[in-house]
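The structure is shown first.

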Amino acid sequence: MDLTARPRRLRRDGIRGLVSETDLSASDLIAPVFVDATTDERIPIGSMPGHERVPIDEAVDRVAEIRETGVEAVIVFGIPESKDAEGSRAWAAEGVVQEAVRQITTETDAYVITDVCLCEYTEHGHCGVIEPHAHDEPTLTVENDPTLELLAKTAVSHAEAGADMVAPSSMTDGMVGAIREALDEEGHADVPIMSYAAKYESAFYGPFRDAADGAPAFGDRRHYQMDPANSREAIREVELDVEQGADVLMVKPALPYLDIVRDVRERFDHPVAAYNVSGEYAMLHAAAEKGWLDLEETAYESLLSIKRAGADLILTYFAEDIADRL
Ligand SMILES: [Zn+2]
């Protein structure tokens with residue numbers, strides 16, 4: 001037995017930090033913020049302990065709380081005062097996200113990213129335009145091309161309100177190109193796009209739907225989000241977004257898809273983001289509540305593993321808690 005190689009030599013106190021390969025810091029983290037135009041007080045989100053929907057006039061306070069922990073960036077989701085078939089409040093100049101972003105960017109130094117999608121704004125809860133009468137049909141399709149124009153209008157309205165970056169999440173083919181073109185035409189060539197490039201149709205999104213009130217009223221999102229069985233397709237998806245001008249490439253969810261994070265990291269030189277989703281957050285909280293897991297340790301290890309897999313940025317509901325520890 002050859003024992004000249006002893007990896008344990010480098011695991012002692014004092015040297016562990018020096019040889020550590022992965023660093024997690026508060027500046028890697030993006031905290032989601034839910035702004036709700038239907039309420040004038042904060043509403044706790046049951047399945048996401050520690051998170052709340054906040055009214056528009058508390059958005060600034062909410063972001064200030066996040067900034068105090070050392071987290072510098074937020075992604076804003078909106079719950080509109082009303083919904084319709086098209087999702088027209090998504091691009092309204094006085095819409096919930098636009099109003100919140102205006103206030104946050106005026107009163108804080110936070111880097112503000114906005115989620116660009118229609119599902120929180122449509123009565124049917126899908127991420128785009130649905131043909132009239134489709135409600136009666138057993139198979140549902142969200143119309144791809146008519147949706148592009150609405151996403152582009154939404155992204156422009158966010159940029160006009162002051163958003164530093166837009167993040168289209170609807171998995172509409174051509175969405176990055178359509179948004180890039182519209183932003184450039186409207187004088188927002190300096191606003192980058194973080195594309196939800198490989199977004200899977202995942203059961204881990206459950207708690208988010210409580211938070212953003214975005215569950216589809218019927219059907220599911222299998223026709224536009226990716227099949228969890230596929231990885232080569234993810235590369236193809238990401239390639240298309242790169243061709244269309246995406247600046248940051250996101251994989252969502254994170255933990256069940258670390259192989260995809262690694263693949264994207266290896267194939268592309270763009271910054272890679274991973275979304276540690278609501279279900280990944282909720283399950284650690286649920287286990288910790290039962291006393292089965294240590295919440296802070298498992299949360300930290302989760303984020304470290306996402307970073308180790310190749311993510312540069314992590315969107316996570318643990319952002320504040322972990323930043324405090326760091
Ligand atoms: Zn959506």
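How many nonpolar, polar and charged residues does the lining of the second largest cavity have? The lining divides into three nonpolar, one polar and two charged residues. Ala, Val, Leu, Ile, Met, Phe, Trp, Tyr, Cys and Pro count as nonpolar, Asp, Glu, Lys and Arg as charged, and the others, including Gly, as polar.

The model is predicted: local features need pLDDT of at least 70 and side-chain atom pairs pLDDT 80 or more, while totals for chains, interfaces and linings use all residues. Residues are numbered from 1 along each chain, and side-chain values use heavy atoms, without hydrogens and water.

**Cavities**

There are two cavities of 30 Å³ or more. A cavity is a set of points on a 1 Å grid over the protein atoms alone where a 1.4 Å probe fits but cannot get out, and lining residues have an atom within 4 Å of a point.

| Cavity | Volume |
|---|---|
| Largest cavity | About 180 Å³ |
| Second largest cavity | About 30 Å³ |

Of the 19 residues lining the largest cavity, Cys119, Lys199, Phe208, Arg221 and Lys252 are closest to its centre. The second largest cavity is lined by Pro32, Val33, Phe34, His51, Glu52 and Arg62.

**Cores**

A nonpolar core joins buried (under 20% relative accessible area, 1.4 Å probe, protein chains only) Ala, Val, Leu, Ile, Met, Phe, Trp, Tyr and Cys residues through side-chain atoms within 4.5 Å. The largest has 99 residues, of which Leu29, Phe34, Ile104, Met194, Val264 and Tyr275 touch the most other members. A second, separate core of seven residues includes Cys117, Cys119, Ile130 and Tyr224.

Terms used: On a 1 Å grid over the protein atoms alone, a cavity is a set of points where a 1.4 Å probe fits but cannot get out, and a pocket is an open set with protein on both sides within 12 Å along at least five of seven lines; lining residues have an atom within 4 Å of a point. Grid points are joined across faces, edges and corners, and a volume is the space filled by probe spheres set on the points. Buried means under 20% relative accessible area, exposed over 50%, partly exposed in between (1.4 Å probe, protein chains only).
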